[in-house]
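This briefing covers the nonpolar core and the salt bridges of one structure. The sequence and the model come first, followed by the notes.

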Amino acid sequence: MALASGVRFAARALLRPWALLRGTTLGRTEPAAGGGGDGARRFGSQRVLVEPDAASGVAVMKLRNPPVNALSLELLTELVISLEKLENDKTFRGVILTSDCPRVFCAGLDLTEICGRNPAHCAEYWKAMQELWLRTYLSSLVLVAAINGACPAGGCIIALSCDCRVLADNPKYRIGLNETLLGIIAPFWLKDTYVNTIGHRASEQALQLGSLFPPAEALQVGLVDQVVPEDQVQSTALSEMARWLAVPDHARQLTKNMMRKATADRLLRQRDADTQNFVSFVCRDSIQKSLQAYLEKLRQRKG
């Protein structure tokens, strides 16, 4: 089928040499609480924990890069490798993405990866961001985001690439793309994803203002699919997963590819140019000063 060959080609094209981090231990397994068979075996790495349930064909993937799951180069890489491992294991049909850090799903880009760094490192980091988005956005698996904490910027990138988003009903848990407030801009491929999700006018306004939506507004604008009490996020995500998995895989995958291919292809065609544009932008003196000022504010808050 067209999808199968297209997805396999995309998957081969996505994984880059940078993904093979020295010291990564993704093959390591540990028994889950309560023991059990293969379906109760966990695997993962330092920053990503995967809890697979072979019986249901669903794995829970938890981000655990405390304190706020900042998207460091290492975390980005480990997420891509973990997802690839599940995609290559035909036992699994779906993944629930969530956080192992209290009150935060993912705080977004790790600004220390682009502040005070040389252009080569900034380029490597941005390629890793592209890689994660392409891998999640084009995944043949059903991806459900169980958003159990704040979800700005890069966290929103991960959530938007999923097929379904469930957000905890806590006014402190906001979601959106607030890049402009940091003096940077969202890339075109993320803008395209935003437009696909909430429409052109809502995206235009939200992107320029750097809007972060509380749960009720996020649901109203269509940024998330469900808002539920915090203690029901995981169970609701599982219920949503069951609804998506009730559809035959080949039909769902073909439809997903049909809907998303044009958006992904645009980045695949312009990947190098997008990286160059990002690096030239963030390496400007004015942008570096803005990032340094923001990081200093964060340090003062912690102090």
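With which residue does arginine 243 form a salt bridge? Its partner is glutamate 240, with the closest N and O atoms 2.9 Å apart. The model is predicted: local features need pLDDT of at least 70, side-chain atom pairs count only at pLDDT 80 or more, and totals for chains, interfaces and linings use all residues. Residues are numbered from 1 along each chain as its sequence is written, and side-chain values use heavy atoms, with hydrogens and water left out.

**Salt bridge within a helix**
- A salt bridge here is a side-chain nitrogen of Lys or Arg within 4 Å of a carboxyl oxygen of Asp or Glu, and by this rule the count comes to 14.
- Arginine 243 and glutamate 240 both lie in helix α8 (residues 233–245), three residues apart, about one turn of the helix.
- Helices (H or I, at least four residues) and strands (E, at least two) are DSSP runs, numbered from the N terminus.
- Arginine 243 counts as exposed at 54% relative accessibility, whereas glutamate 240 is buried at 8%.
- Buried means under 20% relative accessible area, exposed over 50%, and partly exposed in between (1.4 Å probe, protein chains only).

**Salt bridges between separate parts**
- Arginine 47 pairs with glutamate 78, and their closest N and O atoms are 2.8 Å apart.
- Arginine 47 and glutamate 78 are both buried.
- Aspartate 163 forms a salt bridge with lysine 256, at 3.1 Å between the closest N and O atoms.
- Because aspartate 163 is in the loop between α4 (154–161) and β8 (164–168) and lysine 256 is in helix α9 (residues 249–282), the pair ties together parts 93 residues apart in sequence.
- Aspartate 163 is buried, with a relative accessible area of 12%, and lysine 256 is buried at 10%.

**Nonpolar core**
- A nonpolar core is a set of buried Ala, Val, Leu, Ile, Met, Phe, Trp, Tyr and Cys residues joined through side-chain atoms within 4.5 Å.
- The largest such core has 85 residues, of which Ile175 and Tyr194 touch the most other members.
- Helix α3 (residues 119–137) gives the most to this core, with 10 residues.
- Not counting residues up to four places away in sequence, isoleucine 175 has contacts that include Ile147, Cys151, Leu167, Phe213 and Val224, where contact means heavy atoms within 4.5 Å.
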